[in-house]
Amino acid sequence: MLGVIGGMGPLATMLFYEMVTEITDADCDQNNINMLILSDAAMPDRTKAILSGETAEVRDRLLRDARRLEENGCTALAVTCNTAHYFVDMIENEVGIPFIHMIRETALEMEKRFSGKKVAILATDGTIKTGLYQKELEKHGIIPFAPDEKTQAAVMETIYGLIKQNKPADRKLWDSIEGFCRASGCEGAILACTELSVVRKELGLSESYYVDSMKVLAKRCVERFKK
C-alpha cells in the first residue's frame with residue numbers, strides 16, 4: 001500500500017490521486033494501487049518555516065504522519081509537496097519504509113530530456129532558497145535557473161494568491177512567467193510546486209517545455225507498485 005502525505009494543498013493532492021489512477025494500467029478496481037492518503041491540511045506552511053528558520057514543528061509533524069502511515073501498513077511513502085522535501089531529507093532515515101522522492105526523481109527525468117541544457121525552476125520561495133532542485137539538477141548535468149524577483153513574485157501569486165485560494169489560474173500572469181523563462185534562454189521549465197500542477201491542467205501547458213514534478217512522482221509510484 002502506498003502512503004501519501006498530502007493536504008499541501010488539497011487541490012494538488014486530489015490531482016495526484018487522479019494522476020496515479022490515470023497512469024495505472026487497470027481494467028478493474030482491483031488492479032489499482034492500494035493507497036492511504038493522509039491529507040494533513042493543518043501542516044504549517046513549509047515556506048514560512050524555511051524562511052523563518054523555525055523548522056521543528058513541520059519536521060516533527062511530517063515525521064509523525066510518516067510513522068502513522070507506516071504503522072497502518074504502507075510500504076512506501078509519497079509527499080505531494082516539493083517544499084516539504086526539505087523536511088523529508090531530515091526524517092527519511094527515521095522511518096522504516098522508503099520515500100519516493102519527488103525532487104530526486106524529477107532530476108533524473110530532467111537528465112533524460114534536458115541534459116546539458118538550461119532549465120527554469122518554478123517553485124515557492126522556500127524551495128528556491130533551499131537549493132534543493134539546484135543541487136539535484138547540477139548532479140545530473142543540467143543548468144538550473146531561478147527567476148528574477150518580479151517573476152518569482154508572479155509565481156508566488158499564482159501559488160498562494162490563486163490556486164491555494166481555489167481561484168483559477170491567470171493566463172496573462174502565466175504568460176509573463178513563461179515569457180521571462182524563454183527570454184532568459186531556458187529550454188525547459190520544472191513545475192516544482194504541486195499547485196503548479198493544477199495550473200498545468202487548467203491552462204493546458206505544453207509538456208514539451210514543462211516537466212510536472214508531481215506527474216513524475218505519480219509515474220514513479222505506479223512503477224514501484226508494478227501497476
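Is Glu 138 buried or exposed? In this predicted model, numbered from 1 along each chain as its sequence is written, local features need pLDDT of at least 70, side-chain atom pairs count only at pLDDT 80 or more, and totals for chains, interfaces and linings use all residues. Side-chain values use heavy atoms, with hydrogens and water left out. Glu 138 is exposed, with a relative accessible area of 52% (buried means under 20%, exposed over 50%, partly exposed in between, with a 1.4 Å probe and protein chains only). Glu 138 belongs to helix α7, residues 132-139 (helices are DSSP runs of H or I with at least four residues, numbered from the N terminus).

The largest nonpolar core holds 56 residues, such a core being a set of buried Ala, Val, Leu, Ile, Met, Phe, Trp, Tyr and Cys residues joined through side-chain atoms within 4.5 Å. Phe 16 and Trp 174 are among the residues that touch the most other members. Helix α11 (residues 213-224) gives the most to this core, namely six residues. Apart from this core lies another, of 22 residues, including Ala 66 and Leu 77.

Salt bridges (a side-chain nitrogen of Lys or Arg within 4 Å of a carboxyl oxygen of Asp or Glu) number 19. In one of them, Glu 94 pairs with Arg 67, the closest N and O atoms being 3.9 Å apart. Glu 94 lies in the loop between α4 (85-91) and α5 (102-114) and Arg 67 in helix α3 (residues 56-71), so this pair ties together parts that are 27 residues apart in sequence. Glu 94 is partly exposed at 34%, and Arg 67 is partly exposed at 37%.

Notes: Helix = DSSP H or I, 4+ residues; strand = E, 2+ residues; numbered from the N terminus.
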